[in-house]
Amino acid sequence: MTECGIAVGLNHAGKQMVGAGRMSASDLIPLQPWATYIRPYSAGTFSRQQGTPSAAMTNPIKFIDAMEILDSRGNPTLRVTVVLVNGTIGMASVPSGASTGRFEARELRDGDISRYGGKGVRSAVRNVVEVIGPRLHGQDVSRQAEIDHLLVQLDGTPDRSRLGANAIVGVSMAVARAASAAARLPLYVHLGGSSACRLPVPMMNVINGGSHADNTLDFQEFMIVPHGAPTFAEALRYGAETFHALKAILKSRGFRTAVGDEGGFAPDLESNEAACALIIEAIRATGLKPGTDVALALDPAASAFAGDGGYELARSGGGRKTASELTKLYRSWVHAYPIVSIEDGLGDQDWEGFREHTALLGADLQIVGDDLYVTNTQFLSRGIKEHATNAALIKLNQIGTVTETIEAIAMCRDAGWNYVVSHRSGETEDTFIADFAVAMGGGQIKTGSLCRSERIAKYNRLLEIERELGSRAIYSSPFRNPMRVALHS
Ligand SMILES: [Mg+2]
């Protein structure tokens, strides 16, 4: 039993259902839009009277449906529905990245220029309905790893380009949802077990540049990290108040306050560094302490301005830099600002540069690889061996299945690395990653700014989870050297 009233001892194979007889529907229907589609107590799988699983705990898939919907940028994406024989339904919508890693799994787009400029996903929808669905018919939905393995085999390409990474990840996520609904568990318990109670510290992207905006900033994301808050709910308040203070400051100085794809502001500042200074000012304006309460994180997404063995800071007029010069520029910022994390500070081909970068900055800072690893264990194992970074960004659609994503996280854990579960710039109202971040227990999530409902939906889902966990909920800083950050306060 737990304080939050959720029956414990259930794993995702549904083997043990300790205390299940105490459950009520309100305990188990997640308080989110997806609840409409997740109906517990489906006939034939569970006896409420006895409080034990029925003899046959398999939950076979009846069919899989998919449709073309739009993402937050108005581009087509997929929504996949997995329907079980017992009537249980699991749905998932697929995110899509703008700044994609060179080696990440490939989305299948129709290329028919007469529809959505070629970005339609009807072919991926067809692959779900006509190829994947029939192959998975009758499979037990609780066997996620086996199903994901079948998906990978069925596709047969290293980059998932035959069936489409978008088709495959949609099915994999919807399978997890259907299995959690069949087991009558919230998704984070289904995927993480009853010990999943750590809420993630959010990295909130409040100033955008690079390929996420059309302004003078070379670096893609300037994020606030409310790691000093006592709870996730308070962290969200710290973030939202800082966001509003930042908006007021930008407005008062005549900068535009329009937002980019992930909800961050995209002002034409005089330099990349000016973005850090403005954010510090905004944190102070709220009465919070920069560093102790709210730290900074950067995602320069340097692959976007890498080329010919160097880095061109063309948007800001910052000139050309070598990898060493860029690392030294970051180091000077780290001395001036309470930065706790730098992601993709160099390009995805620059392994040598990353080794030096992490050697110089990694003792105090979280150095995250995103484009470098694309959530792929092949690249991650090289990164671990070469000390290229000390953390990884984790995106389900970069690799293609829930199981492979969990394998990448397991590799990070084994290496003692941090990992950050992340959204994409093209998102939907689906909150899968909120539950996934809690299930994986890494204590970090990156899911955008403090506006735009496709971002806020994830934060709101985390509020629900924290409330549901009650006194079991944990919120703690994942950063290795909080004392260094405190010096900046
Ligand atoms: Mg990135």
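The legends below describe close-up views of a predicted model.

Residues are numbered from 1 along each chain as its sequence is written. In this predicted model, local features need pLDDT of at least 70 and side-chain atom pairs count only at pLDDT 80 or more, while totals for chains, interfaces and linings use all residues.

**View 1. The protein as a whole.**
The secondary structure comes to 15 helices and 16 strands; helices (H or I, at least four residues) and strands (E, at least two) are DSSP runs, numbered from the N terminus. Of the 489 residues, 57% count as buried. A residue is buried if 20 or more other C-beta atoms lie within 10 Å of its own, exposed if 12 or fewer, and partly exposed in between, with C-beta atoms placed from the backbone. Among contacts between residues at least 6 apart in sequence, 72% join residues at least 24 apart; two residues are in contact if their C-beta atoms, placed from the backbone, lie within 7 Å.

**View 2. Helix α3 and its buried face.**
Helix α3 (residues 144–155) has 12 residues, which at 1.5 Å a residue should span 16 Å, and its end C-alpha atoms are 17 Å apart, in agreement. The expected span is 1.5 Å times one less than the number of residues. Gln144, Ile147, Asp148, Leu151, Val152 and Asp155 are buried. Seen down the axis of α3, the buried residues fall within an arc of 140°, so they line one face of the helix; the arc is that of the directions from the helix axis to the C-beta atoms. An α-helix has 3.6 residues a turn, so residues three or four places apart point the same way. The buried residues of α3 pack against α2 (122–136), α4 (165–182) and α12 (402–415). On the other side of α3, Glu146 and Gln153 are exposed. Gly156, just after the helix, takes a positive phi of about 80°.

**View 3. The loop at Ala196.**
Ala196 lies in the loop between α5 (187–192) and β6 (201–208). Ala196 counts as buried because 21 other C-beta atoms lie within 10 Å. Leaving aside neighbours within four places in sequence, Ala196 is in contact with Tyr188, Val189, Val438, Ala439 and Gly441. Arg472 is 276 residues from Ala196 in sequence, yet the two are 9.3 Å apart in space, C-alpha to C-alpha.

**View 4. The largest nonpolar core.**
A nonpolar core is a set of buried Ala, Val, Leu, Ile, Met, Phe, Trp, Tyr and Cys residues joined through C-beta atoms within 7 Å. The largest one has 141 residues, of which Ile279 and Ala392 touch the most other members. Its largest share, 13 residues, comes from α4. Domain 1 (20–186) and domain 2 (201–486) both give residues to this core, so the core lies between them; the domain bounds come from an automatic or database domain assignment. Not counting residues up to four places away in sequence, Ile279 touches Val206, Ile207, Phe222, Ile224, Leu246 and Leu296.

**View 5. Strands β12 and β13.**
Strand β12 (residues 339–343) and β13 run parallel and are joined by three bridges; strands pair if DSSP finds at least two bridges between them. Ser341 stands opposite Gln366 in β13. Strand β13 (residues 366–369) is covered on both faces, with Gln366 and Val368 buried on one side and Ile367 and Gly369 buried on the other.

**View 6. The sheet β9-β10-β11.**
This open sheet of three strands has the order β9-β10-β11, with antiparallel pairing. Its edge strands, β9 (306–307) and β11 (319–321), each pair on one side only. Three bridges join β10 (residues 310–313) to β11, and Tyr311 has Lys321 in β11 as its bridge partner.
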